[in-house]
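Reader: Could you walk me through this model, taking its domains, ligand shells and a few residues in turn?

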Amino acid sequence: MSETAENQASDTYDVIVLGAGPVGQNVVDRARAAGLTVAVVERELVGGECSYWACVPSKALLRPVIAIADARRVDGARQAVTGDLDTVQVFARRNHYVTDWDDSKQAEGVKSLGADLFRGHGRIDGPRRVTVTRDDGARHTLTARHAVAVATGSLPLLPEIPGIREARPWTNRHGTDSSTVPGRLAIVGGGGVGVEMATLWQGLGSQVTLLARRGLLPRMESFAGKLLERGLTEAGVDVRIGVQVTALRRPDAGGPVTVTLDDGSELEADEVMFATGRIPATEDIGLETVGLTPGAWLDVDTTCLVRGVDGHWLYALGDVNHRALLTHQGKYQARTAGDVIGARAGGLAVDDTPWGDHATTADQHAVPQVFFTDPEAAAVGLTAEQAAAAGHRIKTIDLDFNAAKGANLYADGYQGHARMVVDVDREILLGVTFVGPGVSELLHSATVAVAGEVPLKRLRHAVTCFPTVSEIWLFLLAAYQRAQD
Ligand SMILES: Cc1cc2nc3c(=O)[nH]c(=O)nc-3n(C[C@H](O)[C@H](O)[C@H](O)COP(=O)(O)OP(=O)(O)OC[C@H]3O[C@@H](n4cnc5c(N)ncnc54)[C@H](O)[C@@H]3O)c2cc1C
Ligand SMILES: NC(=O)c1ccc[n+]([C@@H]2O[C@H](COP(=O)([O-])OP(=O)(O)OC[C@H]3O[C@@H](n4cnc5c(N)ncnc54)[C@H](O)[C@@H]3O)[C@@H](O)[C@H]2O)c1
């Protein structure tokens with residue numbers, strides 16, 4: 001039964017959305033804006049992983065760590081930093097931003113859009129049909145006139161390693177909801193979750209060992225991982241690159257865990273966290289009833305319509321389509337697909353040409369991402385390697401930030417690096433990467449330049465304020481100009 005309409009007579013809606021994370025909520029918003037009736041199904045908390053165990057709590061916890069690190073880089077302020085972080089207050093701050101894991105405000109938000117919220121596990125049951133099973137076993141069948149949008153997100157991937165279950169490893173869940181600081185924390189995985197969690201828990205007082213089988217942040221330009229490795233090491237993290245975990249032992253449930261590495265060495269920790277990637281939350285959503293494979297990522301076209309299903313009714317958005325496992329990108333897909341669903345339902349034209357109103361073109365060309373580490377790592381578009389592999393003729397411009405006065409005023413002895421990847425045939429940017437303190441707020445300028453395909457000749461006229469960290473643009477563009485002369 002719907003939370004909004006206790007005696008809901010009709011179980012037919014224009015659109016059914018599976019999953020009320022940030023992505024699901026954005027489809028609801030756009031489908032309602034198109035005048036469609038919407039049911040949304042959520043089995044856990046309205047707001048999803050992002051609101052309660054990923055983006056929001058991790059950034060709420062990281063901000064105090066970075067604020068202290070920033071203060072230490074400014075003479076005069078540094079001398080005032082005389083104590084440790086107040087972890088009780090840090091956890092209280094996190095609890096505030098996750099609303100104590102109470103989703104009533106977000107549930108109200110969904111209802112205020114005019115959608116009906118069904119609590120329970122949703123499963124597709126043939127074309128355009130979804131069954132909702134509540135915790136008490138009660139079942140409700142919903143039918144969609146126009147579309148079912150799957151936005152069920154992703155789950156942590158735990159590799160098959162002997163002893164992993166008994167070790168009861170942390171994942172992003174305990175990594176973001178714990179209110180105790182483990183004395184020693186081993187983190188496996190050098191991707192986004194691994195590096196942010198290492199920054200965070202080391203900053204809160206753990207002795208962190210970060211175990212990465214490749215360099216850190218392998219999907220970014222390689223200098224990002226190297227600068228981050230230096231930053232983490234300076235913060236006290238024991239960063240070990242090129243190692244694999246081969247076994248785990250935790251004989252006493254309340255005791256330490258022993259981690260065996262592929263070089264035969266062992267290390268002991270109070271907790272071990274796996275940050276080794278994600279799997280799609282599609283194992284038990286009835287994909288087999290429409291000819292798809294349970295547990296698979298959902299392959300979609302540019303309008304987010306699932307490939308291999310007839311009738312233009314099944315859409316997949318956010319993590320579940322594996323295009324870019326990022327909240328902002330999933331929300332972009334959701335806005336686009338919500339509009340597409342509205343257009344198709346109303347018999348209107350769909351503009352799915354590149355950069356058209358109904359295409360998620362940015363997923364291919366201009367995905368921005370920030371890692372809130374120290375230093376921060378921010379990038380949009382293609383790396384030099386990706387651009388070359390895609391057949392572009394490119395020129396890369398690399399610069400240290402200390403060229404910019406604004407960067408030095410921001411942090412004494414500012415250390416950071418920037419790279420822009422130029423398409424020399426079109427004289428536009430294909431990708432930009434910044435690593436350094438405070439660069440997260442710089443990234444959107446690069447995203448506008450990449451997504452807008454702004455000619456470099458015009459970008460020269462986008463004057464940067466003196467003295468800001470953004471002045472790096474001035475130096476990057478001047479360096480490109482010099483390289484042409
Ligand atoms: C530690 C960590 C930090 C991150 N930080 C960032 C960040 O700073 N910025 C960023 O952009 N991204 C970040 N991400 C990625 C981000 O969390 C995801 O990209 C985002 O949550 C995807 O949103 P979603 O709505 O697709 O899925 P989710 O947020 O996972 O929501 C899916 C919802 O669907 C529900 N659901 C699943 N199956 C069913 C079912 N069968 N029936 C009913 N409901 C169901 C779930 O309960 C959940 O509420 C981070 C990820 C992690 C792990
Ligand atoms: N600020 C942000 O935007 C942010 C923060 C965190 C996570 N995220 C996103 O969430 C998603 C999940 O992040 P993630 O870090 O879990 O995944 P990931 O895929 O980015 O990184 C996982 C890492 O673990 C390594 N790995 C895999 N199996 C391993 C094993 N058996 N032993 C050792 N290492 C192993 C991989 O080589 C990889 O480097 C990513 O797409 C990421 O972009 C975003």
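Author: Happy to; what follows is a set of questions and answers on the structure above.

Author: This is a predicted model, in which local features need pLDDT of at least 70 and side-chain atom pairs count only at pLDDT 80 or more, while totals for chains, interfaces and linings use all residues. Residues are numbered from 1 along each chain as its sequence is written, and chains are lettered from A and ligands numbered from 1 in the order in which they are written.

Reader: How far apart are the centres of domain 2 and domain 3?

Author: The domain bounds come from an automatic or database domain assignment. That assignment gives domain 1 (12–47 + 103–154 + 280–362), domain 2 (164–277) and domain 3 (375–484). Taken over C-alpha atoms, the separation between the centres of domain 2 and domain 3 is 31 Å.

Reader: And how many residues of domain 3 are in contact with domain 2?

Author: Contact here is a matter of C-beta atoms, placed from the backbone, lying within 7 Å. Domain 2 brings eight residues to this contact, and domain 3 brings nine.

Reader: Between which domains does ligand 1 lie?

Author: Ligand 1 is surrounded by 36 residues, the closest being Gly-19, Gly-21, Gly-48, Gly-153 and Gly-318; a residue is near if its C-beta atom, placed from the backbone, lies within 6 Å. Elements giving two or more residues to this shell include α1 (22–33), α3 (55–72) and α9 (327–345), where helices (H or I, at least four residues) and strands (E, at least two) are DSSP runs numbered from the N terminus. Both contributing domains give residues to the shell, so ligand 1 lies between domain 1 and domain 2.

Reader: Which element supplies the largest share of the shell around ligand 2?

Author: The shell around ligand 2 has 24 residues, with Gly-189, Gly-191, Gly-192, Val-193 and Leu-325 the closest. At least two residues each come from β17 and α7 (192–203). The largest share, four residues, comes from α7.

Reader: Is Ile-428 buried, partly exposed or exposed?

Author: Ile-428 lies in strand β21. Leaving out residues up to four places away in sequence, Ile-428 touches Asp-423, Glu-453, Val-454, Pro-455 and Leu-456. Ile-428 has 18 C-beta neighbours inside 10 Å, so its class is partly exposed.

Reader: Last one: is Thr-141 buried or exposed?

Author: Thr-141 belongs to strand β6 (residues 139–150). Beyond four places in sequence, Thr-141 touches Asp-11, Arg-129 and Thr-131. There are 11 C-beta neighbours inside 10 Å, so Thr-141 counts as exposed.

Terms used:
Two residues are in contact if their C-beta atoms, placed from the backbone, lie within 7 Å. A residue is buried if 20 or more other C-beta atoms lie within 10 Å of its own, exposed if 12 or fewer, and partly exposed in between; C-beta atoms are placed from the backbone.
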